[in-house]
Amino acid sequence: MFDLKPLKVPGELVLAYAIRKYYPARVEQQVSPQRYLVRFFDGSKSLLSKKRIYTMYDNEFYTCPLGAIQLIGDEPAKSTEKRIDTNQEDTIDLERDFERDKKLFASLVKEVEAIKHYLDILHACKKETICTVKDMEDRMPIFFGDDQSQKRLLSSRVSKGHLNRAEFDFLGRLLSRWYELPPAASTEPPQMSIPPANVSSNRRHFFMSSAQLDALETKEAQERDPVRQKLGDPLRTGGRILGFEMCDNDTAVLALGNHLARVADLKAKTCTQLPAKHAGPVTGVAVLNSGYAAGESRIALSASWDKTVKLWPVDNARRTLAILVGHSDFVKCVVAHPTLPIVYTGSADKTIMVWKLPESVETLTADRDSPLEIKPSKIIKGQHTGQVQTLCLDAVSADVLYSAGSDASVRAWDAQTGDTLPVDNENLEEWFIPRGQHKTNITDIKLTETELWTASADSTAVGWDLNSRAADMVLSHKSNVTAVLPVPQAGIVITGTHGGVIYVWRTSNGSPEIIREIHAHTDDVTCLKAAGRVFYSASLDETLRVWDIMDVVNFQDGLQFMPPELAKLKAQAEPDRAVPAHSSNQPSSSVLTEEEERELAELMSDLDDM
């Protein structure tokens, strides 16, 4: 369990134990090193040990048994039927304390009218993602009006990572229920148009609006779709994939949200039974170069919310060789130098750290009672004003390290010294792309020999000229872009998005156009990587899928990619919607001529040597 000691008091949102189940509460006071006074959302208080309290960083926060909190509006106000409730002692009935409940919510919101404009935003938030300070500042007036002291307090808590989207999601759902008051209980019914609250008794639907239930049903229907279950020959990991790295053509290392890092056999479509373990979600992985190995096994690295990076042999993930210790907040990304024993990490503490491993790999792999603890050789701080979300080494010599994150800027560093990179040897101006083209979080960086590509939560992917630092091409989407992969040999760029759709863009003619869509994942695409003639896509839907680049590009039966064998399956599953041999909706420009196909085949043959 990821144990934060002590809890942040007062005010941290937790699930606390009461009558054999857990209920939402806030920590009010630390009475002793391991005992806390908490206030439940019905106003009652309890003194509990830390073991009886789960924060949003504990895995149990999302799995513990929840009590049936009966909010006003969940059921009719006054039922004449006599209801037999065998679990009456497990229920907190807020309706009995309506006035106190009303005052509680009034204290949370000064400007209640503002809520109706933001409920949809709140409901779209995810508990796995920490908000940036800027995002939170934009939403502060929703809860605190013009109270500047409260804004400053909130900003401080956000920057330390102790208030995230789950809290806003929680409050938004709670408030939406509150506005659905029964006529008998409300003397002043609010004049607001908001999504109706659901009345489901299913514990999985705890604090979910009707709109959210509809989205959940759509997602579950997609997961049951027999075609989606086979598209991309998925490897099912048993955990949300936050990142992955290829070890060789048959093996990959996976970063999972369930606190594990696993090794995947890409041919057998299985994961190792003995994963590397962390005390928080694993956000990124990397693999050291083959010349720096533990015997015949490559050495992998896994970065985590527990603020550490662990090094372990790929053939024995349970053996921790060393731990990189130095970050004061979540480690968000990790990159290994392709030829040198150097590692780079980016963190929510707004720093980049450079780690030089022992020159002799024997020092790292020697038997010892506890893992070797390694400190950073260089700490880069002060340049990024937000979390460092992604790192990438240049594609030619690996001499330059590029970084980006929640401040929407891109910076460059000397990969060996960690110094800022000048524009040229005669100009002291540093290489820097400021916030402007991108409006918010940059989620991914990829490099080719001449271009840098960025993906952003502002719904765009941008191609930059490395020399001029000018935006050469902008790919606009309808949702957040979560991953990007340029494939210059094929003249395409592949993007992954919030919701799971993958887009293939033709960029070789200077005017970008979507030539293919892949509807396989049922949740956000988190990572895209090429390996020879194929590319892999990872997602929060717990699958890693593989796609043949030429098959996707040369597909001629419509905009949406569908292999012939699965098209037959889809036709059988939907007899009333036969799949045409050539869809009339197919853009004419997406069909390649014979000459273009020959040229593409020649270019793609170069990928076999990668």
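Author: A salt bridge is a side-chain nitrogen of Lys or Arg within 4 Å of a carboxyl oxygen of Asp or Glu. The structure above is a predicted model, in which local features need pLDDT of at least 70 and side-chain atom pairs count only at pLDDT 80 or more, whereas totals for chains, interfaces and linings use all residues. Residues are numbered from 1 along each chain as its sequence is written, and side-chain values use heavy atoms, with hydrogens and water left out.

Reader: How many salt bridges does a search of the whole structure find?

Author: Side chains of opposite charge can pair when their charged atoms come close. When the whole structure is searched for such pairs, the number of salt bridges found is twelve.

Reader: How many helices and strands does the protein have?

Author: Helices (H or I, at least four residues) and strands (E, at least two) are DSSP runs, numbered from the N terminus. Counted in this way, the protein has ten helices and 37 strands.

Reader: What percentage of the 610 residues in the protein is buried?

Author: A residue is buried under 20% relative accessible area, exposed over 50% and partly exposed in between (1.4 Å probe, protein chains only). Of the 610 residues in the protein, the buried share is 53%.

Reader: Among contacts between residues at least 6 apart in sequence, what percentage joins residues at least 24 apart?

Author: A contact requires heavy atoms within 4.5 Å. Among the contacts between residues at least 6 apart in sequence, the share joining residues at least 24 apart is 51%.

Reader: Is D523 buried or exposed?

Author: The relative accessible area of D523 is 6%. This value is under the 20% limit, so D523 is buried.

Reader: How many residues apart in sequence are the parts that K529 and E245 tie together?

Author: The side chains of K529 and E245 meet in a salt bridge (3.5 Å, N to O). K529 counts as buried at 18% relative accessibility, whereas E245 counts as partly exposed at 24%. K529 lies in strand β35 and E245 in strand β7, so the sequence separation of the parts tied together is 284 residues.

Reader: Which residue meets K267 in a salt bridge?

Author: K267 is exposed, with a relative accessible area of 66%. K267 lies in the loop between β9 (260-265) and β10 (270-271), and its partner, 17 residues apart in sequence, lies in the loop between β7 and β8 (251-256). The distance is 3.8 Å, N to O, and the residue that meets K267 is D250.

Reader: Which residues of the largest nonpolar core touch the most other members?

Author: A nonpolar core is a set of buried Ala, Val, Leu, Ile, Met, Phe, Trp, Tyr and Cys residues joined through side-chain atoms within 4.5 Å. In soluble globular proteins, nonpolar side chains tend to be buried together. Of the 25 residues in the largest core, those touching the most other members are I492, I494, I518, L528, F535 and W547.

Reader: Where is G500 found?

Author: G500 counts as buried because its relative accessibility is 1%. Not counting residues up to four places away in sequence, G500 touches I518, H521, D523, D524 and V525. G500 is found in the loop between β32 and β33.

Reader: To what number does the count of disulfides come?

Author: A disulfide is a pair of cysteine sulfur atoms within 2.5 Å. By this rule the number of disulfides is zero.
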